[in-house]
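Trainee: Could you show me how to read a helix and a group of aromatic rings, working from general idea to particular case?

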Amino acid sequence: MKIRDSITPAELDFSRRFAENLRRERQAAGLSQQALGLLMGLSEKTAQRTVLKWEHCERMPTAFYVRLICNALGCTPGDLIPDIPPTWNEPRKGTNSDEIA
């Protein structure tokens, strides 16, 4: 998921905290960005670039990749994902709350 310019301050804070947690866990495991990506099963061509984008808040990993990250680092999703801001539970303006899963 690409992080857009139109995200809320709470969403940006969430992304930054995730990135900080990812970097902390990766460094604690003694891994480079490239090594983490390779342990996750990413190709040599994309491994370092993908992890770099996550750590620089350019992109957010999907739940599938969060699981791969956790498996590679030996951590839990709770170690990476900060508390979800309460504002994320509210429907965005112009959306039908029945459509939000």
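This is a predicted model: local features need pLDDT of at least 70, side-chain atom pairs count only at pLDDT 80 or more; totals for chains, interfaces and linings use all residues.

Trainee: Which residues in α1 are buried?

Mentor: Buried means under 20% relative accessible area. In α1 the buried residues are E11, F14, S15, F18, A19, N21, L22, E25 and R26. Seen down the axis of α1, these buried residues fall within an arc of 165 degrees, so they line one face of the helix. The face turned away from that buried side carries the exposed residues P9 and A28.

Trainee: What covers the buried residues of α1?

Mentor: The cover includes α2 (33–39), α3 (47–55), α4 (63–73) and α5 (77–80).

Trainee: How many aromatic pairs are there?

Mentor: Rings pair if their centres lie within 6.5 Å, and the count here comes to two aromatic pairs. The rings of W54 and Y65 have centres 5.8 Å apart and planes at 50 degrees, so this pair is tilted. Because W54 lies in helix α3 and Y65 in helix α4, the pair ties together parts that are 11 residues apart in sequence. The rings of F64 and Y65 have centres 5.3 Å apart and planes at 80 degrees, so that pair is edge-to-face.

Trainee: Is W54 buried or exposed?

Mentor: W54 counts as buried at 4% relative accessibility, whereas Y65 is partly exposed with a relative accessible area of 29%, and F64 is exposed at 54%. Ring pairs link W54, F64 and Y65 into a cluster.

Key. Residues are numbered from 1 along each chain as its sequence is written. Side-chain values use heavy atoms; hydrogens and water are left out. Buried means under 20% relative accessible area, exposed over 50%, partly exposed in between (1.4 Å probe, protein chains only). Helices (H or I, at least four residues) and strands (E, at least two) are DSSP runs, numbered from the N terminus. The arc is that of the directions from the helix axis to the C-beta atoms. Contact means heavy atoms within 4.5 Å. Rings of Phe, Tyr and Trp (its six-membered ring) pair if their centres lie within 6.5 Å; planes under 30 degrees apart count as stacked, over 60 as edge-to-face and the rest as tilted.
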